[in-house]
Amino acid sequence: MEAVANTINPDKWITNYYPFLKNYAKARISNPLDVEEIISDTFLAALKSKDNFQHKCTERTWLVAILKRKIVDYYRKRATYKGKMNRYAFSHEEYQETYHYSTAIIDGEEATLSNINLQALELVLTESFTQMTSRQSSVARMRIYDELSTEEICSRLNISKNNVWVLMSRARKTIAARLSHCEHVV
């Protein structure tokens with residue numbers, strides 16, 4: 001393959017490539033803050049490895065390749081973390097007294113909740129379930145409240161893994177949409 005005449009110029013990356021990279025990432029990631037972080041990580045990784053750039057493609061193509069890897073890493077990290085909070089058999093008052101709304105245990109690690117109103121969150125979840133189809137609601141309740149695995153949900157509802165994933169994806173979108181309208185929850 002013939003080398004592309006191209007020189008690396010990190011000083012112009014933001015001006016030349018930021019809008020394109022942002023649109024590319026926004027089409028694949030819904031959270032704007034995550035998009036910004038991934039683009040920053042992309043530029044940082046490119047800056048660290050600029051001496052290894054072999055000029056076999058354009059600078060933009062090289063940056064997009066790095067961005068693609070960052071997006072894959074983003075989804076891998078989310079899939080392994082699973083993002084679910086362990087539920088405790090505390091009443092609202094016991095939780096408030098024990099954790100003072102500042103921390104909670106997430107998969108064995110402490111994480112800041114910063115002013116979350118648990119009663120409002122429960123209300124949002126309940127309202128979200130009413131906006132879902134009965135199948136979506138059943139799958140979401142089994143996953144969130146019963147903490148069942150995909151296999152257990154498949155067995156109980158006699159549906160495929162793909163069906164569970166699609167139903168959970170739609171349920172999450174419903175919950176996220178409801179949460180985005182509720183400033184008092186988070």
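Which residues have the most contacts inside the largest nonpolar core? In this predicted model, that core has 19 residues, and those with the most contacts inside it are Trp 13, Leu 21, Trp 62, Leu 63, Leu 67 and Ile 71. At least two residues of the core are supplied by each of three helices, namely H1 (13–26), H2 (32–48) and H3 (59–81), and the greatest contribution comes from H3, with 7 residues. When neighbours within four places in sequence are left aside, Trp 62 is in contact with Ile 8, Trp 13, Ala 46, Ser 49, Lys 50, Phe 53 and Cys 57. Apart from this core lies another, of 16 residues, which includes Met 142, Ile 153, Val 164 and Met 168.

The packing of two helices is described by the angle between their axes together with the distance between those axes. The crossing of H1 and H2 is right-handed. On the side of H1, the contact is made by Trp 13, Ile 14, Tyr 18, Leu 21, Lys 22, Ala 25 and Lys 26, which meet Val 35, Glu 36, Ile 39, Phe 43, Ala 46 and Leu 47 of H2. By class, the residues of this contact divide into 10 nonpolar and 3 charged, with no polar residue among them. Trp 13 and Leu 21, which take part in the contact of H1 with H2, are also among the residues with the most contacts inside the largest core.

The loop between H2 and H3 contains His 55, a residue that has a positive phi of about 60° although it is not a glycine. With a relative accessible area of 25%, His 55 falls between the limits of 20% and 50% and is therefore partly exposed. A positive phi, near 55°, is also found at Asn 158, again a residue other than glycine, which lies in the loop between helix H7 (150–157) and helix H8 (161–180). Asn 158 has a relative accessibility of 68% and counts as exposed, because the cut-off for that class is over 50%.

Helix H6 (residues 134–144) packs against both H7 and H8. The axes of H6 and H8 come within 9 Å and cross at roughly 90°, so that these helices are roughly perpendicular to each other. In this contact Arg 135, Gln 136, Val 139, Ala 140, Arg 143 and Ile 144 of H6 meet Val 164, Leu 167, Met 168, Arg 170, Ala 171 and Ile 175 of H8, giving 8 nonpolar, 1 polar and 3 charged residues. With H7, by contrast, the axis of H6 comes within 10 Å and crosses at roughly 135°, and H6 and H7 are therefore oblique to each other, in a right-handed crossing. Here Arg 135, Ser 138, Val 139, Met 142 and Arg 143 in H6 meet Thr 150, Ile 153, Arg 156 and Leu 157 in H7, and the contact comprises 4 nonpolar, 2 polar and 3 charged residues.

Within H6 is also placed Ser 137, which is buried, with a relative accessible area of 9%. Not counting residues up to four places away in sequence, Ser 137 touches Phe 129 and Met 132.

How values were computed. Residues are numbered from 1 along each chain as its sequence is written. This is a predicted model: local features need pLDDT of at least 70, side-chain atom pairs count only at pLDDT 80 or more; totals for chains, interfaces and linings use all residues. Side-chain values use heavy atoms; hydrogens and water are left out. A nonpolar core is a set of buried Ala, Val, Leu, Ile, Met, Phe, Trp, Tyr and Cys residues joined through side-chain atoms within 4.5 Å. Buried means under 20% relative accessible area, exposed over 50%, partly exposed in between (1.4 Å probe, protein chains only). Helices (H or I, at least four residues) and strands (E, at least two) are DSSP runs, numbered from the N terminus. Contact means heavy atoms within 4.5 Å. A crossing is left-handed if the near helix is turned anticlockwise from the far one by less than a right angle, and right-handed if clockwise. Ala, Val, Leu, Ile, Met, Phe, Trp, Tyr, Cys and Pro count as nonpolar, Asp, Glu, Lys and Arg as charged, and the others, Gly among them, as polar. Axes are lines fitted to C-alpha atoms, for helices over the stretch in contact, and angles run from 0 to 180 degrees between N-to-C directions. Angles under 35 degrees count as roughly parallel, over 145 as roughly antiparallel, 65 to 115 as roughly perpendicular and the rest as oblique.
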